[in-house]
Amino acid sequence: MHASHLYHSASHDFAAAGITIDGTVTMDVPKMIATKDKTVNGLTGGIEFLLKKHKVDYIKGFGKLTGANSVEVALNAGGTQTLDTKNVVLAVGSEVTPLPPVPVDNAQQRIVDSTGALELKSVPKSMIVVGGGVIGLEMGSVWSRLGAEVTVVEFLDTITPTMDKEITANFQKILKKQGFKFKLGTKVTSSKVTDTGVELTVEPSKGGDASTLNAEVVLVATGRRPFTKNIGLEDLKIPTDKLGRVEVDSHFRTTVPSIYAIGDCIDGPMLAHKAEEEGIAAVETIAGRAGHVNYDAIPGVIYTSPEVASVGKTEEELKTAGVAYNKGSFPFNANSRARANLNADGLVKVLVDKNTDKIL
C-alpha cells in the first residue's frame with residue numbers, strides 16, 4: 001500500500017508541487033513484493049524473539065482439542081505432541097470465505113484471494129474485485145494506483161455496508177474519481193479462466209438478464225470466516241453459531257470452563273487490535289483479575305488513499321436506537337494543511353449526545 005502510494009504520487013502529484021522527474025516512473029513489482037516479505041519476516045521474527053525472551057514454549061503444528069485440559073499437535077516437522085494444561089485460549093483466527101462460482105487458485109494468478117493479491121508478479125491491465133468490503137477496496141486500490149483498471153462487483157446496493165452511509169457516499173465518490181468502476185446490486189453466477197484472463201457471468205442480485213465481464217485478474221474478497229473446523233470443538237460439545245463462531249460468555253469462556261476463545265473466531269469485528277484486547281482480558285480473567293473490552297471504542301480503518309477511519313456508532317445505528325444526537329462535519333477542502341498537501345478529499349464527522357455532548 002505504501003509503495004503504490006509513493007508510485008502514484010511520483011507519477012501524478014509531484015508535478016503540481018513543482019517536482020519534475022526526467023524519464024518515466026516505473027514500478028518493479030518483484031522488488032516491491034520482496035520488500036514487503038522482508039518487512040513481514042522481520043516483524044514475525046520479532047514476535048518469535050519475544051516468545052523466547054519470555055520463556056514461552058513455541059510449538060509449530062496443527063493443534064486440536066482432545067480434552068478440557070489437553071491439546072494434541074500434529075507437528076510441522078512430523079509426529080505428534082500432546083500438551084497437558086490448566087487452561088486453553090483458542091486464538092485460531094479466520095480464513096478466506098470461498099465463493100463457489102469463482103474458485104480461487106493463487107498459484108495460477110488469475111483468480112486470487114487477498115493472499116494471492118499480495119503475490120502478483122506484475123501489474124494486471126484490468127482487475128475485477130468481487131466484494132465491496134474493506135479487503136477488496138484496499139487491495140483494489142493498491143493495484144489501481146499501480147495502473148490496473150479496477151471494477152468492483154458487489155452483491156448489495158452499497159459498498160462497506162456496515163459503515164456510516166454519509167461517509168460511504170463520499171468514499172465511493174472519491175474512488176470513482178480515482179478510476180474505480182462499480183457494479184452494485186450484482187451477483188457473480190459463474191467464472192471461466194481463459195488464456196488472457198477470466199470471464200465472469202453476472203446478473204442483478206434481485207434477478208434479471210445475465211451479462212459477462214472480463215479481466216486479466218479476479219480478486220475474490222467476499223469476506224472471511226472463523227477457522228473453527230477440525231479443532232476438536234464438536235468432541236467437547238463446545239457450541240458455535242451459524243457462522244461458525246465459537247460461543248463465549250462475557251469473560252470469553254466457552255461451555256468448557258477451562259477453554260477460552262478470542263479474536264476472529266468469536267463474535268465481533270475481525271480486527272487484530274480487537275483480538276489483542278480480548279487476549280489480554282481473557283488472560284486477566286484466567287489470572288483471577290477483571291478483564292474487560294470496551295466494544296464501543298474499537299477503531300476501524302480502511303487503508304485506501306485517503307484512509308477511512310471510524311470509531312463508535314454510525315448515524316444509522318443512533319437513529320435505529322432512538323438516541324438523540326447532534327452532528328458536526330468539516331470538509332478537508334476547508335482545512336489549510338490538507339489543501340497545502342494536495343490531499344483535500346473527504347471530511348471529518350462527529351456525532352455527540354444531544355444532552356451531554358458525549359462523543360458517540
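## An antiparallel sheet

Strand β11 (residues 198–204) pairs with β12 over five bridges in the antiparallel sense. Two strands count as paired if DSSP finds at least two bridges between them; strands (E, at least two residues) and helices (H or I, at least four) are DSSP runs numbered from the N terminus. Opposite glutamate 199 stands asparagine 214 of β12.

The open sheet consists of three strands in the order β10-β11-β12, with antiparallel pairing. Because β10 (186–193) and β12 (211–215) are at the edges with a single partner strand each, one side of each has no neighbour in the sheet.

## Basis of the model

The model is predicted: local features need pLDDT of at least 70, side-chain atom pairs count only at pLDDT 80 or more, and totals for chains, interfaces and linings use all residues. Residues are numbered from 1 along each chain as its sequence is written, and side-chain values use heavy atoms, leaving out hydrogens and water.

## Aromatic pairs

Ring pairs of Phe, Tyr and Trp (six-membered ring) require centres within 6.5 Å; planes under 30 degrees apart are stacked, over 60 edge-to-face and the rest tilted. The count is two aromatic pairs. Phenylalanine 62 and phenylalanine 227 have ring centres 6.1 Å apart and planes at 65°, so this pair is edge-to-face.

Phenylalanine 62 has a relative accessible area of 37% and is partly exposed (buried is under 20%, exposed over 50%, partly exposed in between; 1.4 Å probe, protein chains only). Phenylalanine 227, at 29%, is also partly exposed.
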